[in-house]
Amino acid sequence: MSTLLLFSCGGAPKPAAPLFPAIVGAWKLKQSSDLALNQIPEQIQRLGVRRAGSAGYEGAGSLRVEVYELTSSAAALETEQTWRPAANTVAVHHESYFTVIHWENADRAAVSAFVREMVKR
């Protein structure tokens with residue numbers, strides 16, 4: 001009779017990167033929280049979401065940011081393609097992340113810079 005031994009390599013799993021960096025360009029994180037399942041739009045739930053959060057940033061105005069980590073980059077792309085546009089809001093995807101940014105009293109160039117920085121992360 002042979003014995004099969006299993007060895008674990010690498011120890012504990014690496015924790016997921018934070019959804020919201022403390023600083024994004026000229027913008028500073030003021031608060032963040034996880035989103036409960038009932039706060040996640042149905043179209044995102046349907047495609048499969050791993051985690052979701054909401055945050056507020058201050059800089060050249062104020063931003064409210066929602067980040068959804070979906071189960072695949074295809075799901076994030078589909079979410080962006082079917083998202084309904086709204087005033088003072090931009091939605092983008094990068095890899096398996098879908099991000100919605102709402103702004104108030106903010107310069108479009110400053111918001112664009114924020115979007116570019118968030119997508120790099």
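How many of the ten residues of β4 are buried? Seven of them are, so β4 is largely enclosed by the rest of the structure. Buried here means under 20% relative accessible area, exposed means over 50%, and partly exposed lies in between, with a 1.4 Å probe and protein chains only.

The model is predicted: local features need pLDDT of at least 70, side-chain atom pairs count only at pLDDT 80 or more, and totals for chains, interfaces and linings use all residues. Residues are numbered from 1 along each chain as its sequence is written, and side-chain values use heavy atoms, with hydrogens and water left out.

Start with the sheet. It is open and has six strands, in the order β1-β2-β3-β4-β6-β5, with antiparallel pairing. β1 (23–24) and β5 (89–94) are the edge strands; each has a single partner strand, so one side of each has no neighbour in the sheet. Strands (E, at least two residues) and helices (H or I, at least four) are DSSP runs, numbered from the N terminus. Two strands pair if DSSP finds at least two bridges between them.

Val24 has Trp27 in β2 as its bridge partner.

Now return to β4. Ten bridges pair β4 with β3 in the antiparallel sense, and a hairpin joins β3 to β4 through one residue. Across this pairing, Tyr57 stands opposite Leu63 in β4. Eight bridges pair β4 with β6, again in the antiparallel sense; here Arg64 stands opposite His102 in β6.

Glu69 is a residue of strand β4. Its relative accessibility is 11%, so Glu69 counts as buried. The side chain of Glu69 makes a polar contact with the side chain of Arg51, at 2.5 Å. A polar contact is a pair of N or O atoms within 3.5 Å; within protein, one must be able to donate a hydrogen and the other to accept it, and residues adjacent in sequence count only if both atoms are side-chain atoms. Neighbours within four places in sequence aside, Glu69 is in contact (heavy atoms within 4.5 Å) with Val49, Arg50, Arg51, Ser96 and Tyr97.

Helix α2 (residues 73–82) lies across β4 (61–70), β5 and β6 (97–104), at about 160° to β5. Helix α3 (residues 108–120) packs on the sheet and touches β1, β2, β3 (49–59), β4, β5 and β6; its direction makes about 25° with that of β4. These angles run from 0 to 180 degrees between N-to-C directions, with axes fitted as lines to C-alpha atoms, for helices over the stretch in contact.
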